[in-house]
Structure formats: structure tokens, C-alpha cells
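Subject: Structure for your review

Dear colleague,

Please find below the sequence and the structure that I am handing over to you. My findings follow directly after them.

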Amino acid sequence: MPVLEAATKKVFHNNYYESIAGEVDNVPEWQVQIYSDENARHLRDLTSNMVGKLICVPGIITSASRSSIKATKITWKCSACDHTYSQDLKFGFGGAQARRQCANATAPISTDRSRCPLDPYRVVAEKCKFLDQ
Ligand SMILES: [Zn+2]
């Protein structure tokens, strides 16, 4: 809101420069109020296609925080040989841990592939599934 009020003050100064004798200090303070004709939607009527859009919800805000995400399925990929595997996670606060050794670590080494190091797995975020909490 302070940004909107500062912008309103600047627009007023730009449009009525002559009437206030060019002094920035003569610009009155403004209070901006956001108003919408949109019908209020109940929280239970919200759907995923409304994410990222400005909507009107009835009620009083008592606290606000950022949503946190939790992975429900993680896909790991070996940085040496591109071996991938998926891991389903249970609900709760527990974290996930990758295998320390690649599944191909014991495979015979060929000329086009070197030995996979210890802790080679990295998360492939595009192939993971997340949940908003
Ligand atoms: Zn590997």
C-alpha cells in the first residue's frame, strides 16, 4: 500500500504541478483503498486454476505466511551414469535421503563409462511431485 500511495502522490504532482506551485511538499497525503465488484468466493470454492490470480475472499486476516511445499515423490539421478530411481515419501516432517552408492557402481567398467563416485545422486526436480502445506 505505501507504494500505491507514493505512486498516487507522484501522479498528483505530475498532473497538478502548476496548481501546487511545483513544490513536492505541497502535495497532499493520499490513502489508497482497493475496491472490487467481484463476488467474494468462499475458501472451499477455491480451485487450483485460481493460483496466482487476485481473488476476493470474505473474512478477516488474522495471520499470513508463505506456503511451504513438501515432496511426496523424489526422483534421483546419478551424476555419472544417469541412472535414475524414484522414492515415495511418507507424510510427516521426515526428510529424504539418497542412496550413497549408484546401482551401476558394481557393473563392469567399460571404455565409455567411468566408475560412479560415492554419493552421486542429485534430485531431478522436474520429475518430483510436491504438496502444498
Ligand atoms: Zn551411476
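I begin with a turn: in the hairpin formed by β1 and β2, where 5 residues lie between the strands, Asp82 adopts a positive phi near 65 degrees. Please keep in mind throughout that this is a predicted model.

With β3 (residues 121-123) it runs antiparallel, joined by 3 bridges, and here Lys77 faces Arg122 of β3. With β4 (residues 129-132) strand β1 is again antiparallel, this time through 4 bridges, and Lys73 is found opposite Lys129 of β4.

As for the overall plan, the protein contains 1 helix and 4 strands, and their order along the sequence is α-β-β-β-β.

Which residues make up the largest nonpolar core? This core consists of 6 residues, namely Ile74, Trp76, Cys78, Cys102, Cys116 and Tyr121. Strand β1 (residues 69-78) supplies 3 residues, the largest share of this core. In soluble globular proteins, nonpolar side chains tend to be buried together. Over the whole protein, 5% of the 133 residues count as buried.

Helix α1 (residues 2-15) has 14 residues, and at 1.5 Å a residue it should span 20 Å; its end C-alpha atoms do lie 20 Å apart, so the two values agree. Helix α1 is also hardly covered, as the count of buried residues among its 14 residues is 0.

Between α1 and β1 there is a loop, and Arg66 belongs to it. Is Arg66 buried or exposed? Arg66 is exposed, because 5 other C-beta atoms lie within 10 Å, and a residue counts as exposed at 12 or fewer. Although Arg66 and Gln133 are separated by 67 residues in sequence, their C-alpha atoms are 9.7 Å apart in space.

Finally, among contacts in the protein with a separation of 6 or more, 49% are between residues 24 or more positions apart.

Yours sincerely,
A colleague

Key. Residues numbered from 1 in each chain as written. Predicted model: local features only at pLDDT ≥ 70, side-chain atom pairs only at ≥ 80, totals over all residues. Helix = DSSP H or I, 4+ residues; strand = E, 2+ residues; numbered from the N terminus. Expected span 1.5 Å × (residues − 1). Buried ≥ 20, exposed ≤ 12 C-beta atoms within 10 Å, placed from the backbone. Core = buried A, V, L, I, M, F, W, Y, C linked by C-beta atoms within 7 Å. Pairing = 2+ DSSP bridges. Contact = placed C-beta atoms within 7 Å.
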